Amino acid sequence: MMRLRFLSAVVAIVLMASCGSIPPAPDEAGEVAGMLANFERLGTLKLEEQRREFNAAQAAHERSANDTTRLNLALTMLLPRAPWRDDARIQQLLGGIEAAPGGQHSARYGLAQLLLRLMAERQRTQRDEQRKAEQLGHQLREERRKSEEMQQKIESLRTIDRETYLRRKGP
């Protein structure tokens with residue numbers, strides 16, 4: 001929940017900052033703000049309700065593929081712990097949102113670019129964590145091997161000690 005609020009706040013700040021030089025159409029800024037509010041609301045819903053919203057967003061996108069339906073579908077797919085999350089499809093959806101004519105930035109485009117950067121950072125972090133986990137697994141296997149070697153040496157020393165004791169005790 002905290003992560004969801006943080007993401008919403010970051011998105012809102014970036015949108016406001018990116019929109020400072022070129023004011024977007026008021027309806028587009030309001031639309032993006034509504035999408036962010038909806039994303040935050042979706043985060044509070046139960047999984048079945050989220051699934052219904054995802055299915056509705058997917059159906060809307062299939063009926064009319066445009067920047068708004070792409071963003072709505074991508075946002076429902078970005079919900080934390082959503083089993084329907086598909087990063088490749090999200091990137092495809094967000095990558096299809098183009099800048100306004102003349103290279104001007106729009107609120108939808110700014111949001112899409114921000115989400116793409118956040119996803120790239122998340123994927124980089126996951127790769128780093130995976131690499132660290134693999135290194136730790138290798139270290140653990142190596143430590144277990146060393147522990148087994150030490151255990152074998154201890155057993156060998158015990159055997160030698162018993163044999164020495166029995167020889168000294170004699171017949």
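Visitor: Is Arg131 buried or exposed, or something in between?
Guide: Start with the cut-offs. Buried means under 20% relative accessible area, exposed means over 50%, and partly exposed lies in between (1.4 Å probe, protein chains only). Arg131 has 47% relative accessibility, so the residue counts as partly exposed.

Visitor: What kind of model am I reading?
Guide: This is a predicted model: local features need pLDDT of at least 70, side-chain atom pairs count only at pLDDT 80 or more, and totals for chains, interfaces and linings use all residues. Residues are numbered from 1 along each chain as its sequence is written, and side-chain values use heavy atoms, with hydrogens and water left out.

Visitor: Which residue does Arg131 meet in a salt bridge?
Guide: The term first. A salt bridge is a side-chain nitrogen of Lys or Arg within 4 Å of a carboxyl oxygen of Asp or Glu. Arg131 pairs with Asp128, at 2.7 Å from N to O. Both residues lie in helix 6, 3 residues apart, about one turn of the helix.

Visitor: What other salt bridge does Asp128 form?
Guide: Asp128 also bridges to Arg124, with the closest N and O atoms 2.6 Å apart. These two are 4 residues apart in helix 6 (residues 107-169), so about one helical turn separates them. Asp128 is partly exposed at 24%. Arg124 is partly exposed too, at 36%.

Visitor: Where does Arg145 find its partner?
Guide: Arg145 meets Glu142 in a salt bridge of 2.3 Å, N to O. The pair sits in helix 6, 3 residues apart, again about one helical turn. Arg145 has 37% relative accessibility and is partly exposed. Glu142, at 27%, is partly exposed as well. Elsewhere, shared partners join Glu121, Arg124, Asp128 and Arg131 into one salt-bridge network.

Visitor: How many salt bridges does the structure hold?
Guide: The structure holds 14.

Visitor: How do I read aromatic pairs?
Guide: A pair of aromatic rings is described by the distance of the centres and the angle of the planes. Rings of Phe, Tyr and Trp (its six-membered ring) pair if their centres lie within 6.5 Å; planes under 30 degrees apart count as stacked, over 60 as edge-to-face, and the rest as tilted. A search of the whole structure finds 1 pair. Phe54 and Trp84 have ring centres 5.1 Å apart and planes at 15 degrees, so they are stacked. The pair links distant parts of the chain, 30 residues apart: Phe54 is in helix 3 (residues 47-63), Trp84 in the loop between helix 4 and helix 5 (87-95). Phe54 is buried at 9%, and Trp84 is buried at 10%.

Visitor: Why is helix 4 called largely enclosed?
Guide: Helices here are DSSP runs (H or I, at least four residues), as strands are (E, at least two), numbered from the N terminus. In helix 4 (residues 67-77), 8 of the 11 residues are buried, so the rest of the structure largely encloses the helix. Among the buried ones are Arg70, Leu71 and Met77. At the start of helix 4, a side-chain oxygen of Asn66 comes to within 3.0 Å of the backbone nitrogen of Thr68.

Visitor: What about the chain as a whole?
Guide: The chain has 6 helices and 0 strands. Of its 171 residues, 27% count as buried. Now contacts, meaning heavy atoms within 4.5 Å. Among contacts with a separation of 6 or more, 64% come from residues 24 or more positions apart.

Conventions:
A polar contact is a pair of N or O atoms within 3.5 Å; within protein, one must be able to donate a hydrogen and the other to accept it, and residues adjacent in sequence count only if both atoms are side-chain atoms.
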